[in-house]
Amino acid sequence: MKHNFDEIIDRRASECKKYEPAYPKDVIPMWIADTDFAVPEEISKAIQERAKHPCYGYPVESFEFEKAAAGWEKKRFGWDVDPHWVKYSNGVLPFFMYAIRAFAYPGDKVVFQTPVYPPFYAIPKNNGIHVVTNPLIQDENGKFSVDWEDLEKKLADPRVKLFFLSNPQNPCMKSYTREELTRIGELCLKYNVFVVADEIHCDLCYKGHEHIPFGSISEEFAKNSMVLINPSKTFNIAGFRTGAAIIPDDERRKQIQIMIEDNKNYGRTIFGMLTFETAYNECEYYADELMEYLEGNRDYIVKFIKERIPGIKLAEAEATYLMWLDCRGLNMNQEELKKFFFEKAKLGLNDGATFGVEGVGFMRMNIACPRATLVEALNRLEKAVKEL
Ligand SMILES: Cc1ncc(COP(=O)(O)O)c(C=O)c1O
């Protein structure tokens, strides 16, 4: 490999949220969704080069940003995106708020599949619309699938204006198939529900699973959706706060633009554009190598838990580096479970309950770390479980 993913980097000295300030030195933080890997050298070099110039005032809004986003979708997923469809934003999350403000009235509803990334609940609630959940169903092997009957019933409610899709799904490690996406898209068209497809984890599908951009499935789906992307998860550049939305329908795009202008939220960052463009234009090799490395981590943890940690179950992830650990077999309530991981195993994971009621009994573990860190973490977990 060109990149060394085994390198152990001290992140404590870098004002890094994952490590500071809540985490004592003897706890391994494995929670928030960034990686412990260095960025590709092309990104480091580009930053250093630009940093040599001593002025950092307002940048021009060069069209290179839009072209980079479109180029990535084409070369990675075969989707022909017109760069004019692309909108800049400070990360993908603001687009949820724009979609709510543009396409729903207060009191309307949004549907999404749970358990899910916590802002899916918070943003609608904080912007005056109701949340309706369509819980995913888990089979005996831990694989998640859609409850279609429930989904249709919920989408049929005339107050439902939006469907938020997390694909690949965080934290269910699910990569939606073309058939599933098609069925979701058709139901949304049938009930006139606009789809906000959060595809921030799109690069992180394991072998045997393919990421299919929602808008790539058909022109009708493209026009009834916006697809959100950000190289942050793959290239470890979340700190540059730069994401993009692909909004193929002219009218929808204009409506989102009004929201952006209303909030005067169009300012770009020099380093955000630079890292976004460098990642997407020059670092495809890194995305490939990252997945190869993560696959090793995923296989290691799945085998380890199966063979050595009774009481915890982990399905084979289809996508993402966020492992959804089913800890119900440890017979603890959620408070005990959190305490157990933090105080006994000395591991800082996400509390599964923050992803919805279906997450009670679960913890989410981020395995985007050097193999040696993962091995140490699992050894700690095994020891702590044995001591119970
Ligand atoms: C599904 C999902 N969407 C959005 C985000 C955050 O996106 P951003 O930092 O671009 O606002 C995350 C971060 O973990 C995520 O997992």
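**The largest pocket and what surrounds it**

Tutor: Domain 1 (12–41 + 285–386) and domain 2 (56–282) both contribute lining residues to the largest pocket, so this pocket lies between them. The domain bounds come from an automatic or database assignment. Keep in mind that the model is predicted: local features need pLDDT of at least 70, side-chain atom pairs count only at pLDDT 80 or more, and totals for chains, interfaces and linings use all residues. Numbering runs from 1 along each chain as its sequence is written, and side-chain values use heavy atoms, without hydrogens and water.

How is empty space found? Rolling a probe the size of a water molecule over the atoms shows where space is left. Here a 1 Å grid is laid over the protein atoms alone; a cavity is a set of points where a 1.4 Å probe fits but cannot get out, a pocket is an open set with protein on both sides within 12 Å along at least five of seven lines, and a lining residue has an atom within 4 Å of a point. Points join across faces, edges and corners, and volume is the space filled by probe spheres set on them.

Now the pocket itself. The largest pocket holds about 960 Å³ of space. Its lining has 43 residues. Nearest the centre of this pocket are Ile32, Ala33, Asp34, Lys233 and Ala238. Two elements give two or more residues each to its lining: helix H1 (41–51) and helix H8 (232–235). Helices (H or I, at least four residues) and strands (E, at least two) are DSSP runs, numbered from the N terminus. Nonpolar means Ala, Val, Leu, Ile, Met, Phe, Trp, Tyr, Cys and Pro; charged means Asp, Glu, Lys and Arg; the others, Gly among them, are polar.

Move to the second largest pocket. Its volume is about 360 Å³. Again both domains take part: domain 1 (12–41 + 285–386) and domain 2 (56–282) each supply at least three residues of the lining. There are 20 lining residues, with Arg76, Asp203, Cys205, His209 and His211 nearest the centre. Helix H2 (64–77) and helix H11 (284–308) each give at least two. H11 gives the most, five residues. By class, this second lining has eight nonpolar, three polar and nine charged residues.

Two cavities of 30 Å³ or more are found. The largest cavity has about 40 Å³. Helix H10 (residues 270–282) gives the most to the lining, three residues. Five of the lining residues are nonpolar, five are polar and one is charged.

The second largest cavity has a volume of about 30 Å³. It is lined by Phe112, Gln113, Val116, Phe120, Phe164, Leu165, Ser166, Gln169 and Tyr176. Strand S7 (residues 160–166) supplies the largest share, three residues. Six of these lining residues are nonpolar, three are polar and none is charged.

Ring pairs join Phe276 into a cluster with Phe5, Phe37, Phe65, Trp72, Tyr88, Phe235, Tyr280, Tyr285, Tyr286 and Tyr293. Rings of Phe, Tyr and Trp (its six-membered ring) pair if their centres lie within 6.5 Å; planes under 30 degrees apart are stacked, over 60 edge-to-face, the rest tilted. The whole structure has 26 aromatic pairs. One of them is Phe103 with Phe194: the centres are 4.7 Å apart and the planes at 55°, so the pair is tilted. This pair links distant parts of the chain, as Phe103 is in helix H3 (residues 93–103) and Phe194 in strand S8 (residues 194–198), 91 residues apart. Both Phe103 and Phe194 are buried (under 20% relative accessible area with a 1.4 Å probe, protein chains only; exposed is over 50%, partly exposed in between). Tyr285 and Tyr286 have ring centres 6.4 Å apart and planes at 90°, so they are edge-to-face. Tyr285 and Tyr286 are buried too.
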